[in-house]
Amino acid sequence: MQELGSILKYQSQFQDQIILGDFNAISRVDEYSSNVTEFELKYDVTDRMNIEHIDLFAQGTEKPVPSYPTQGISDHSYLESRRLDYMFASLDLGRRLTSAVVDTSNLAHQASDHFPLIAEL
């Protein structure tokens with residue numbers, strides 16, 4: 001949380017902000033089973049980000065698509081799919097969102113253990 005505080009403090013000088021990446025945290029808008037053992041249910045990071053930013057992949061009527069794990073890099077088949085990767089935008093910028101997609105193509109499965117996020121503003 002200290003690192004996030006430093007990032008948000010620096011970003012506060014800019015009107016339009018996009019903060020994205022692997023946050024290793026989950027969001028309250030996503031549903032997870034209560035018997036999760038391989039990854040602690042941590043909401044503090046996404047709760048903090050949602051105060052002054054819009055979670056671009058939680059907008060709209062569809063449930064956000066998990067971004068982790070893919071099947072290509074290593075065997076994560078025992079892991080519950082999760083959304084660990086996020087794109088947050090400042091409120092004004094986030095309202096301009098036209099599309100948000102998680103690329104789950106065959107190539108994406110081979111490229112990383114996380115799927116790429118694509119947003120259009």
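**Sheet, helix and aromatic pairs**

Author: Three strands form an open sheet in the order β1-β3-β2, with antiparallel pairing. The model is predicted: local features need pLDDT of at least 70, side-chain atom pairs count only at pLDDT 80 or more, and totals for chains, interfaces and linings use all residues. Residues are numbered from 1 along each chain as its sequence is written, and side-chain values use heavy atoms, without hydrogens and water.

Reader: Why is the pair of Phe23 and Phe88 called edge-to-face?

Author: Rings of Phe, Tyr and Trp (its six-membered ring) pair if their centres lie within 6.5 Å; planes under 30 degrees apart count as stacked, over 60 as edge-to-face and the rest as tilted. The centres of Phe23 and Phe88 are 5.4 Å apart and their planes stand at 70°, so the pair is edge-to-face. Phe23 lies in the loop between β1 and α2 and Phe88 in strand β3, 65 residues apart.

Reader: Why does Phe14 count as partly exposed?

Author: Buried means under 20% relative accessible area, exposed over 50%, and partly exposed in between (1.4 Å probe, protein chains only). Phe14 has 33% relative accessibility and therefore counts as partly exposed. Phe23 and Phe88, by contrast, are buried.

Methods: Two strands pair if DSSP finds at least two bridges between them. Helices (H or I, at least four residues) and strands (E, at least two) are DSSP runs, numbered from the N terminus.
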